[in-house]
Amino acid sequence: MYDLIIIGAGAGGLTCAYTANGLGKKVLLVDKGLPGGTCTWSGCMPSKALINIGKDVHAAKKYSSVEIDTAKVMKDVRDAIEEVYSHESPEILAKDGITFKKGEQIKIIDPKIVLVDEVEYHGKNIVISTGTSPFIPPLEGLDKIDYLTNQNLFQLEKLPKSMIILGGGAIGVEMAQCLNRLGTTVHIMERSSRIFIRESEELVNILSETLIKEGVNIHVNTNAVSVTQDDEIISLNVETGGEPRTIEAEALLVSIGRVPNVENLGLDELGLKYNKKGIQVDDYLRTNIHNIYGVGDVAGPYQFSHTANYQGILAVKNMFLPLKKKVDYSNISWCTFTSPELASRGLPDPEGKETKIYSYGRSDSDRTMTKKGDIFEMRVETNHKKEILEVKILAERAGEMISSLQIAAANHLTLDKLSPVIFPHPSYSEILGKLGKKAYVDKLLENPFINIFAK
Ligand SMILES: Cc1cc2nc3c(=O)[nH]c(=O)nc-3n(C[C@H](O)[C@H](O)[C@H](O)COP(=O)(O)OP(=O)(O)OC[C@H]3O[C@@H](n4cnc5c(N)ncnc54)[C@H](O)[C@@H]3O)c2cc1C
Ligand SMILES: NC(=O)c1ccc[n+]([C@@H]2O[C@H](COP(=O)([O-])OP(=O)(O)OC[C@H]3O[C@@H](n4cnc5c(N)ncnc54)[C@H](O)[C@@H]3O)[C@@H](O)[C@H]2O)c1
């Protein structure tokens, strides 16, 4: 009897396995593929490897002509995948005391029994962390052509000369910029009025301008109608504001969101509740069956590796430790790894009362001015106590810079506490000191006693 059986060995499943193992529990991890999941094989890792190569090429192109060997590029991307995988292979897991089994058919046949290719495994608790798959729209002709998704993009031997990218979200935009930098002509087709529809409009407009300047073609308010393929060329028929047009390219990448992997797990027979967004879990990450938990993309509401990790630790602690904790996303952060990066933290004040937004731009950062065209935009929202609420940063290394504000906010440090901190010059982080000083002065001026004396 295992203490825990985990179905799905991606970011969420691996975290559950290591957390339970750390608590001395007997763990079985099962997957229809190899350990690592989307993040390792077709998500964060290969996409960031490709983005990094794109950045190098882009920088070099500013000062010389560059010939790109895209076969070498793709080999380097796959080498990055292999390096990550070498730290989470079944052999490494076994060394750490975690049993891994790969199976073609994995089903929960009872709240305490998981069937892996006809072999029954018994567990006191079960975690479902099966992630998501790309959503494939019912687009006329799509089933007859060779299209790409994140699942086969990184296996290409060479990059195509041109690519249509359906969807201007996280995958579409990150890939569009780096592929364009690596010599592929790209067209983003986005049905909404702008890319990154859920992000700050002001900052997204600045990012869009940068992408367009670099040569990325962005078609917004555009609906795909049908698609055909003739030898090497794919023709996508679209409508923009009612006007029909055809865009041609060598390849088509579909990246318009995800669907949860809930099929063939025996959930209906079990009576485990799920809907089109994924399996339903409560604030403790438990499904309606008391010993079965759900973590990661398949449970939502976020679809990030770091939220899968956070949920994995929490679910296992709630399973085995006496003190139960509710999920708390108030300190969530995320980053889109474009150049510049677009990073966000926290949630806006639900009441929007007595909040103040501190805004900084390029001219406030000495570091930004050392690089021609470098972009720096930062918005920090605080409440009346100067507690850090929502943050948006569009800048080089925004994903790193936001981490300081994450540490402050998660530890209830108010913004003014950054005031005496001495940051290295000229670093992007120096702006955090300026922010702290401004908040400190505001806090003084907003203090009624000091106001009396000041008058
Ligand atoms: C191109 C791309 C780039 C991304 N970049 C980032 C990023 O920069 N930062 C970030 O935080 N997130 C990023 N993400 C999202 C991130 O990859 C996911 O949020 C994360 O992988 C979710 O982890 P998970 O464990 O929930 O699911 P997954 O990693 O998808 O793992 C699910 C596992 O379950 C297995 N499985 C599925 N169905 C079954 C079944 N029926 N039986 C058995 N096993 C099954 C799968 O084989 C897989 O191994 C990116 C995603 C994509 C596609
Ligand atoms: N840096 C990161 O953290 C990172 C990077 C990549 C992916 N991810 C994760 O992966 C998830 C999936 O990424 P994604 O890009 O597939 O989804 P997404 O939800 O981020 O973006 C999908 C985009 O496609 C558009 N769209 C939907 N249907 C369309 C249609 N028929 N035609 C044209 N456009 C259409 C939407 O308006 C949206 O802009 C993200 O939500 C994110 O959580 C994270």
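**From the core to the ligands**

Leu252 is in contact with Tyr147, Leu148, Ile164, Leu166, Val227, Ile234 and Leu236, leaving aside its neighbours within four places in sequence. Two residues are in contact here if their C-beta atoms, placed from the backbone, lie within 7 Å. The model is predicted: local features need pLDDT of at least 70, side-chain atom pairs count only at pLDDT 80 or more, and totals for chains, interfaces and linings use all residues. Residues are numbered from 1 along each chain as its sequence is written, while chains are lettered from A and ligands numbered from 1 in the order in which they are written.

Leu252 also belongs to the largest nonpolar core, which has 121 residues; Leu29, Ile165, Leu252 and Leu253 touch the most other members. Such a core is a set of buried Ala, Val, Leu, Ile, Met, Phe, Trp, Tyr and Cys residues joined through C-beta atoms within 7 Å. A residue is buried if 20 or more other C-beta atoms lie within 10 Å of its own, exposed if 12 or fewer, and partly exposed in between, with C-beta atoms placed from the backbone. In soluble globular proteins, nonpolar side chains tend to be buried together.

Which element gives the most to this core? It is H7, with seven residues. Helices (H or I, at least four residues) and strands (E, at least two) are DSSP runs, numbered from the N terminus. Helix H7 covers residues 170-181, and at 1.5 Å a residue its twelve residues should span 16 Å; its end C-alpha atoms are 17 Å apart, which agrees. The expected span is 1.5 Å times one less than the number of residues in the helix. Twelve of the twelve residues of H7 are buried, including Glu174, Gln177, Asn180 and Arg181. Just after H7, Gly183 takes a positive phi of about 105 degrees.

Ten residues of domain 2 are in contact with nine residues of domain 3. On the side of domain 2 that touches domain 3, H7 and helix H8 (201-214) each supply at least two residues. That side divides into five nonpolar, three polar and two charged residues. For these classes, Ala, Val, Leu, Ile, Met, Phe, Trp, Tyr, Cys and Pro count as nonpolar, Asp, Glu, Lys and Arg as charged, and the others, Gly among them, as polar.

Where does ligand 2 lie? Domain 2 and domain 3 both give residues to its shell, so ligand 2 lies between them. Ligand 2 is surrounded by 25 residues, of which Gly167, Gly169, Ala170, Ile171 and Gln303 are the closest. A residue is near a molecule or strand if its C-beta atom, placed from the backbone, lies within 6 Å of it. The largest share of the shell around ligand 2, four residues, comes from H7. By class, this shell has twelve nonpolar, nine polar and four charged residues.

Around ligand 1 there are 36 residues, and Gly8, Gly10, Gly37, Gly131 and Gly296 come nearest. Helix H2 (37-42) is among the helices that each supply at least two residues of the shell around ligand 1, and H2 gives the largest share, four residues. The shell around ligand 1 divides into twelve nonpolar, 20 polar and four charged residues.

How values were computed
Domains from an automatic or database assignment.
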